[in-house]
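Here is a short tour to read with the sequence and the model open side by side. Take it one stop at a time.

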Amino acid sequence: MPPKKRTEYLNRRLRGIIHYAYKHSVAVKNKLDSVGLKPRDIQTIKDLEKIPITKKADLVELQKKNPPFGGFQGVPLNELRRIYISPGPIHEPGDMEYDEVGWAQGMYAGGFRPGDIAINTFSYHMVPFAMEMVDNSLHRIGCVTVPTGVGNTEQQVNILKNLKANAYCGTPSFLLTIAEKAEEMGLDLRKDLNLQVAFVAAEMLSESLRLKLEEKFGCILRQSYGTADIGCLGYECMLKNGMHVPDDKIVEIVDPETGKQLPPGKTGEIVATTFNKVYPLIRFGTGDLSILTETRCPCGRTSPRLIKILGRVDQVTKVRGLFVHPGQVDEVAAKHREIVRYQVVVTRREDKDEMTFRVELKEETLPSESLQEEILKSIRDVMKVRGEVQFVPKGTIPDAAKKIDDQRTWE
Ligand SMILES: [Zn+2]
């Protein structure tokens, strides 16, 4: 769908869910009423800014006051199929007919096809992810599911082998555990097993782990991102070009302090809105940081993409009015192979913020002005904030040091 048409489509669906939720969900009605809004005030995605953000902690509080769902459910209790419980605890209403498409779009984009035999190693009890979201999405594509759940590694290996299962759903780290177990059992991962595609989520995926797993199994591994509350918010295509936003969600990137939308290319909190009538979360704050891009992906999909997940909002520090987060600190360090340990220290002198990038160098590397200049340039490029570089002796930065140590005091 061309971007303009997509926006019209999403605006139309947004108006629909706002009208529906205002009428059927007490929590959504209260949220709009609290800022004097009526459904007609929300016509476009831009108008969403007027609505307060609901965070996970708010959900917990609202549910305590008004159990079981804090008034968010959009249908009567007896029209639910299941009730799930996520850590928090948070109760989640389970739909009679699961009709979200996001995870299925992610699996399909990652190479899952009808007739594939998939082991689903996410946890099936209590939480909604494995049963409601992954299992139903596999079914939507036409895959055959083996509901293996978590653990039982040896059995998982035998199931992969005996059923010639070619697809995996689970965390990347558990797939590595399976690989190691299979090797320990004397199996040749490529010859004795038939794993072709892997759909991973619920964990940060490093490129090195992806390559390692793809290499070991000879498979394609793609990741998706989302939350158990709201479902899929992004998935990788074959090109690994960031994560495409699925067609049944609105994803905004906002300033975590003001809740205002930020333009593409800026770092901010991922805030999402679903069109799910059973659980109409409007402006759900994920607490995760990312950047949105609207440049075309050569795969042909026209949806915007989340470039990557950069960390958590609560790890963000503001330096001279700009957000600085641990992901950026890692990015700067990754550009210089000479750096072994690093930490950013933020201080305040004469009412001005100062940011110092402390680095420990490899033994064979001597501190030099040219290296200092190069690191300074990376700091400007990545963090967009000016800083100092300080070379410190080996062992100065402790093992458990915070990536960003904010030493400012406010009187
Ligand atoms: Zn793509």
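## The zinc site

C237 and H244 are both buried (under 20% relative accessible area, where exposed means over 50% and partly exposed lies in between, with a 1.4 Å probe and protein chains only). These residues belong to the zinc site, whose protein donors are C237 (SG), H244 (NE2), C297 (SG) and C299 (SG), at 2.1 to 2.3 Å from the ion. Donors here are N, O and S atoms within 2.8 Å of the metal (3.2 Å for Na, K and Ca); water is not among the atoms, so sites may look incomplete. Along the sequence, the donor residues follow the spacing C-x6-H-x52-C-x1-C.

What is the arrangement of the four donor atoms around the zinc ion? It is tetrahedral, because the angles they subtend run from 104 to 115 degrees; the term asks for all angles between 85 and 135 degrees. For orientation, the ideal angle for four tetrahedral donors is 109.5 degrees.

## About the model

This is a predicted model, in which local features need pLDDT of at least 70 and side-chain atom pairs count only at pLDDT 80 or more, while totals for chains, interfaces and linings use all residues. Residues are numbered from 1 along each chain as its sequence is written, and side-chain values use heavy atoms, with hydrogens and water left out.

Now find the open sheet with strand order β20-β19-β18-β21 and mixed pairing. Strands are DSSP runs of E with at least two residues, helices are runs of H or I with at least four, and both are numbered from the N terminus. Two strands pair if DSSP finds at least two bridges between them. β20 (388-391) and β21 (404-406) stand at the edges with a single partner strand each, so one side of each has no neighbour in the sheet.

Inside the sheet, β18 (residues 339-349) and β19 (residues 352-361) pair in the antiparallel sense over ten bridges, and Y342 stands opposite V359 in β19. Helix α10 (residues 326-334) packs on the sheet and touches β18, β19 and β21 (contact means heavy atoms within 4.5 Å). Its direction makes about 130 degrees with that of β18; axes are lines fitted to C-alpha atoms, for helices over the stretch in contact, and angles run from 0 to 180 degrees between N-to-C directions.

## A hairpin

β2 (residues 82-86) and β3 (residues 90-94) pair in the antiparallel sense over five bridges. They form a hairpin with three residues between them, and G88 in the turn has a positive phi of about 155 degrees.

How values were computed: Four donors count as tetrahedral if all angles lie between 85 and 135 degrees; four count as square planar and six as octahedral if opposite donors are over 155 degrees apart and all others between 65 and 115; anything else is irregular.
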